[in-house]
Every structure is written in C-alpha cells, then in structure tokens.
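This report walks through selected packing features of one protein model. Keep the sequence and the 3D view side by side while reading.

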Amino acid sequence: MKKYIKYSKVLLGAAGLMVLLWGCGDEFLDRPPLDAIVDANFYQNDEQVLAGTAPLYNIVWFSYNDKASHGIGDARGGILTTGSYQLENVRFNTTGETPENGASWRAFYNVVGQSNTLINNIRTFSGENVTDRIRNHGIAEGRFMRGLAYAYLVQNWGPVPIITNNTTLLQDTTIARNTVESVWEFIIKDFRFAVENLPETSVQEGRLNKWSAEGMLAKMYLTRAGVSGSRAQNDLDSAAYFAKRVIDNSGAELMDNYEDLFKTANNNNAETLAALQWTYNAPNLNAWGAQNSVQAFLAFGSEITGFGDGWGGDIGGSKWMLELYDDWVFDERRKATFMFPGDHYNYITQVPAGGSAQELRVPSPNDDGGRSYGNRAWVKKYVVGRPEDNDGKVIQQGTEINTYILRLSDVYLVYAEAILDSNPGEALTYYNMVRERAGVPTKTSVTWEDIFFERIVEFAMEGQAWYEFTRLHYYNPQLAYQMLSGQDRGTFRIYPDQIPDPNMWEIEIPDSDTSPRFFDVNGSNFNLPIPSVELSKAPNLRKPPVPYDFSGQE
C-alpha cells in the first residue's frame, strides 16, 4: 500500500446585443435586471449610464463562472481530482466538444460583445446631461471587462479574433484570428484606458476604480513579459511600477483571517481590488444568471446547501495540490479551501438526512477495518452554506458570494515576481507578507519557484492555477509541460487519526486503485481547441493569424 503522511499540530455567434437595466443607487446591484436597453433614448444621464454598465459585473460572466472557471482554471491547472466530473479537463483530453470549453469561449465573447455594445452606445447616444466623468467611467468599465475577457481568450486558445464591432461578431463568417502579440497589445491598451479614466475611489461599492485597473495592468504586463519567448525587462518593470502604485496608494490591506475572505458577509472587503458582484435573485427568479451558482457544483451535499443541489461529492483537491501545503492545520488556506474529514466549520449549518441542525462536521463516511476515511478532500472555497448562514440569501444554485477578479495578495506576488532579480530583498518582504497572513513560517530567501507555488496555494479554487501555467508557457514551455505532466491527479483515500477533532491525516493510495494518475501534457494538448461549433460557423478561424490593424484605435 502506497502512503503519504502529512503531520500537523506539532463563440463567435454567442454574443448578443442586449444590455440589461439594473437598479442604481448606493448599492448598485440591489435588484436583478428588468428591461432591455437597446435604444438611443436610454443613456441620458449619469445614473442611466451606470445602470447600463452594471451587468458587466455579473450576468455576462455567468456561463464562465458557473462551471468552466473551476473546470478550466482549476481542473486543467492540477488543483482538482475527480472520478467523473470534469474528467476531460483533469486528464488533458479537452476537445472541441467539451462543454466547459464551449461555455468559456461563448462566455468570453459574450463579455466582449456586451462591452462593445456598452462602449459604442455611450459614445453614440449619451445625452448632454451625462457628465464627461461618468461617460469616460462607463467606457472604462467596458474596456476593463473586455480586456479581461481577451486575457482569458488569448491564454486559452492562443490567436483569437479581436472584435470591436458587434455586427462583425454576429454576421461575418470570414472573421480571422489575430496574432498573440496583437491580442496582448489590445489588452494593454484597454487596461491603460481604464487606468486613465476610472476614479481613485469607487463611485459605488463594488465598482471598479483606478487601483482595480492598475493592479490588473500590472498582472497583464507580468504575463505579456514572456510572450516573445523570453521575459522582456520593460514589461517586468511596468508590472512592478503599477503593482507598487497599488500597494502604496490604494488603501487596500490584507484581511487578517484568510478564511474570512470567502464569507458573504465580507463581500467587497479591504483586500478586494476587483470582484464580480452577484445578487440574491429569489424575488425575481426570471433573472437567471445574476447569482453565483458555483456552490451547487462544489458543495459535497445538500445537507450544507439547504436545497437539492450540492453536487460536488465526487471532486476535491488533488494529491499534488494537497502536498503543496506546508502544514494541513497551521496553513489557514488549507481548511479555507478544502474540507478534510473531521474539519469543523462553526459558521456553516449541517442538517444530515434524518438528523437535526448542527455546526458542520465534515463526514468521514467510509470504513476500512475500523479506520474511517473520505474519498475526497472536498472543496470549501466559495461554499458558503445554507440560507440561515447567509442572512437568508441563498437559493438553489444561487448565492451572493463575490467572485474575486483581483485581491491585494495577488498584487503582492505580482510585485515580488516582477522585481525578484533586481531587488530580491523587497520581493522577499511581500512574499513573506502573504505567508505570514496564512500562518506559515516566513523564509529568509525567495526564488521564482517559491513565488509560483505560493500563488498556486493562495489562489487554489479561484480559477487561477491554469493561468499560472499559461504565463510560464510563454517563455518556458518545456518546464510547463514537465510540471503539469508530473502532477498526481489520481484518486486516493484520506484518513483522519481520530473523529472528532483529528490532529493529523494520512493520504493513502489503495493497491486496488488502478485509476490513471499522471497525464502527458505537450504542445499538442496545452492550448484549448477552438470549439467545434465555432469552427463550423467561421471556418476562417482555421487559417493562420494576422496582425491586428490598430489604426484609429485609442
């Protein structure tokens, strides 16, 4: 019997032209969308412009957030193991027919299409009562979200079409792909416009501001630095410059308790620089897509959701992922991200079948000669519990927990990586700040590998791991292939030493477990294939990419 022990306690056709009307007050997402905004009579004052941009914070991202974010961002990145769910992504067999592949492509181009509509409508139809400040603000929100969508597109599929005109998006079957270099230049231009036109203080809670844009611009420069095949120092310098401006000027600070980041009561907390803003939509069930649905797919059972969802019993942290933690008790990120048998969560209610309400004690449901065990390290992050745990605001397949786009700890690690060679001492300072908050020992020196794996642990189950590898792949593809191919993604058993209140756990691979554990990753399966339905609609997507014509672009 093999054993591992950890000791503790010592698209193209998918984008529509509809923009949806949202309530607009101090809480700009107080209620779900009610009407379509498609005519020239709408953008007549500042409030209407802000109402028009509100859907960019949730509903246009729903199809990606729903299952594809963890299916691609975490499953392909090596974070998850499973016996059935997301198998094609976990095993690097993603095809043009894989549901999460098509959902992601359509979702990103939906964001592009909605952003284009918003930008062009504001430019064309905004009335004389719209201030220049809010006119530019609305366009900047659109360009931020469009730039973010293209960052996902280019990292997943490589060369993709750059589209700013939705007529082309919907009707032109001869659309061509643009080069990776062109797409990254387009992304940088979008984020720089957002930097120049968003205010330092959000106009409403949850809205983007200048520091949201500068933080994302830093991250974009860090990634683009490797596009040429080696890391460009000027891009690393730009990443460092904008990251340090956010650190020094944004007023953002790390939350004291990592686990608190993933409670609905702490939406838009001091660490948040940008986040999708989901809403409780039970009063208007026709507003599908305004809510965060991920709990339905990640929670291990209905006993902790309160409804007929909770379909995540077959997924959990991979052995590779779990081995990255320094310690399974003292690293606060482990328990906030993955549930081990016997873990206790006093802020989530559990109602076992035939039982009464109690604080959540993670089950250890199987028995092996008197030793209890679980088959998965179930997902905790973004699992927030039942209605009674969230001020009543949970429905089946719907919670209000924000989805992070950017946290301050991300900016700290972007900064550390960008200055690692030029100022290793300061890189160590910000690297250690992330570790210190997590409750793990600080280090006396830091390497690129340290920062890379710290990012994996810090952002596990936030849809980011895959994009750490796409960044690496630009300038060291063989290392990316080697690391991904070496991840143990197979199933296992996890044994607590005692129930309740375990002090340690053992991971064991039974001799009877013959499931595949390692999967070859290479140049032929690294990038996602363009979804088959999109290739059939626009066959020119098969042709070699061409540079984008930036003439006339801001």
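## Asn 65 and its surroundings

Leave aside neighbours within four places in sequence, and Asn 65 is in contact with Trp 278, Asn 292, Ser 293, Val 294 and Thr 403. The model is predicted. Asn 65 sits in helix α2, which spans residues 62-74.

Is Asn 65 buried or exposed? Its relative accessibility is 5%. Buried means under 20%, so Asn 65 counts as buried. Leu 276 lies 211 residues from Asn 65 in sequence. In space, the two C-alpha atoms are 9.6 Å apart.

## Strands β5 and β13

Leu 276 lies 9.6 Å from Asn 65, C-alpha to C-alpha, and strand β5 covers residues 272-276. Strand β5 is largely enclosed by the rest of the structure, because 5 of its 5 residues are buried. Strand β13, residues 403-407, is mostly covered. Here too the count is 5 buried residues of 5.

How many bridges join β5 to β13? There are 4, and the strands run antiparallel. Ala 274 has Leu 406 of β13 as its bridge partner. For Ala 275, the partner in β13 is Tyr 404. In a regular strand, side chains alternate between the two faces of the sheet.

Two packed helices are described by the angle between their axes and the distance between the axes. Take helix α5 (residues 132-157) and helix α7 (residues 180-197). Their axes come within 8 Å and cross at roughly 150°. An angle over 145 degrees counts as roughly antiparallel, and α5 and α7 are therefore roughly antiparallel to each other. Their crossing is left-handed. By class, the contact of α5 with α7 holds 15 nonpolar, 5 polar and 4 charged residues.

Helix α9 (residues 233-249) crosses helix α13 (residues 408-418) at roughly 145°. These axes also come within 8 Å. The crossing of α9 with α13 is left-handed. Which residues meet there? From α9 come Leu 236, Ala 239, Ala 240, Ala 243, Lys 244, Val 246 and Ile 247. From α13 come Val 411, Tyr 412, Val 414, Tyr 415 and Ala 418. By class, this contact has 11 nonpolar residues, no polar ones and 1 charged residue.

## Helices α15 and α17

Helix α17 spans residues 477-485. Its buried residues are Ala 480, Tyr 481, Met 483, Leu 484 and Ser 485. What do they pack against? The partners are α15 (448-458) and α16 (465-475).

Helix α15 is itself mostly covered, with 9 of its 11 residues buried. The buried set includes the charged residues Asp 450, Glu 454, Arg 455 and Glu 458. It also includes Trp 448, Ile 451, Phe 452, Ile 456 and Val 457.

## Val 362 in a loop

Val 362 belongs to the loop between β9 (358-361) and β10 (366-368). Its relative accessibility is 4%. The cut-off for buried is under 20%, so Val 362 counts as buried.

What is Val 362 in contact with, leaving aside neighbours within four places in sequence? The residues are Met 339, Phe 340, Pro 341, Gly 342, Asp 343, Tyr 345 and Trp 378. Gly 374 is 12 residues from Val 362 in sequence. Their C-alpha atoms are 9.5 Å apart in space.

Notes
Residues numbered from 1 in each chain as written. Predicted model: local features only at pLDDT ≥ 70, side-chain atom pairs only at ≥ 80, totals over all residues. Heavy atoms only, no water. Axes fitted to C-alpha atoms, helices over the stretch in contact; angles between N-to-C directions. Helix = DSSP H or I, 4+ residues; strand = E, 2+ residues; numbered from the N terminus. Parallel < 35°, antiparallel > 145°, perpendicular 65-115°, else oblique. Left-handed = near helix turned anticlockwise from the far one by under 90°. Contact = heavy atoms within 4.5 Å. Buried < 20%, exposed > 50% of the residue type's maximum accessible area, 1.4 Å probe, protein only. Pairing = 2+ DSSP bridges.
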